[in-house]
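Please examine the model below with its pockets and its sheet in view. The paragraphs that follow lead through these topics in turn.

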Amino acid sequence: MTKAIRVVIVDDHPMVAEGIEAILETYDDLVVVGTLSNGQEAIDQVEALNPDVILLDLNMPKVSGLSAAEIILERRPDTRILILSMHDSAEYISSALSHGAKGYVLKDVPTEEIKLAIDTVMAGEQYLCTGASAALAPKISDGREPLTNREQTILLQLAQGQSNKEVAQALDISVRTVETHRKNIKRKLGISSTAGLTRYALEHGVLQGTGVDI
């Protein structure tokens with residue numbers, strides 16, 4: 001018999017979490033091992049709950065969904081993060097994917113689509129619901145995704161000549177996370193070198209007002 005997929009639901013609205021749990025419990029190949037109310041609880045309990053998939057809201061008290069995703073994936077890189085949100089803007093969706101989410105589903109999708117999303121990310125593929133795909137379409141056609149706020153911060157520090165280790169210490173994150181952000185920044189901007197990042201930062205005003213002389 002196939003092992004059931006272990007799912008954790010993280011949402012600060014109890015009715016939403018309970019509704020999703022009720023839906024998922026109708027599937028024999030899924031088991032909801034926890035329903036949590038904020039990102040900090042997810043961080044604290046992820047080891048004990050040992051989920052395969054985390055359904056994660058974005059805007060929550062204490063620790064946001066994006067911050068929680070980043071920390072959880074540092075500790076458990078094989079966990080699939082599936083964002084379940086009411087926000088359909090390209091910025092939210094791009095930020096979620098940049099932070100390691102494997103999928104993005106809007107809360108108004110048909111209930112069976114949540115199951116489809118879980119199955120898709122468990123198969124190692126990315127899942128975007130129709131609304132999320134439509135929101136990203138203009139960004140994809142432009143060929144350039146926007147940088148997240150964290151990526152902009154790291155770009156500034158790298159352009160100032162800081163090493164990955166120095167950036168990690170300044171932001172209290174791991175060196176590996178900085179390396180991942182650096183790789184994403186280069187991919188999004190189509191830049192292959194640190195000198196190119198510095199030049200981009202200078203040309204686009206990122207370094208203005210920092211006192212950096214390049």
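The largest pocket of this predicted model has a volume of about 500 Å³. A pocket is defined on a 1 Å grid over the protein atoms alone, as an open set of points where a 1.4 Å probe fits, with protein on both sides within 12 Å along at least five of seven lines; its lining residues have an atom within 4 Å of a point. Grid points are joined across faces, edges and corners, and a volume is the space filled by probe spheres set on the points.

Lining the largest pocket are 19 residues, with L73, S98, H99, G100 and T180 nearest its centre. Two or more lining residues come from each of α3 (65-75), α4 (90-98) and α9 (175-189), and α9 gives the most, with six residues. Helices (H or I, at least four residues) and strands (E, at least two) are DSSP runs, numbered from the N terminus. By class, this lining has four nonpolar, nine polar and six charged residues; Ala, Val, Leu, Ile, Met, Phe, Trp, Tyr, Cys and Pro count as nonpolar, Asp, Glu, Lys and Arg as charged, and the others, Gly among them, as polar.

The second largest pocket holds about 310 Å³ of space. Its lining has 17 residues, of which L66, S95, H99, T148 and N149 lie nearest the centre. Here α3, α4 and α7 (149-159) each supply at least two residues, and α4 gives the most, with four.

Helix α9 also contains R176. Apart from neighbours within four places in sequence, R176 is in contact (heavy atoms within 4.5 Å) with L73, E74 and P77.

The sheet comes next. It is open, with six strands in the order β2-β1-β3-β4-β5-β6 and parallel pairing; two strands pair if DSSP finds at least two bridges between them. β2 (30-36) and β6 (127-128) stand at the edges with a single partner strand each, so one side of each has no neighbour in the sheet. β5 (residues 103-106) pairs with β6 in the parallel sense over two bridges, and G103 stands opposite Y127 in β6.

Residues are numbered from 1 along each chain as its sequence is written. In this predicted model, local features need pLDDT of at least 70, side-chain atom pairs count only at pLDDT 80 or more, and totals for chains, interfaces and linings use all residues, while side-chain values use heavy atoms, with hydrogens and water left out.
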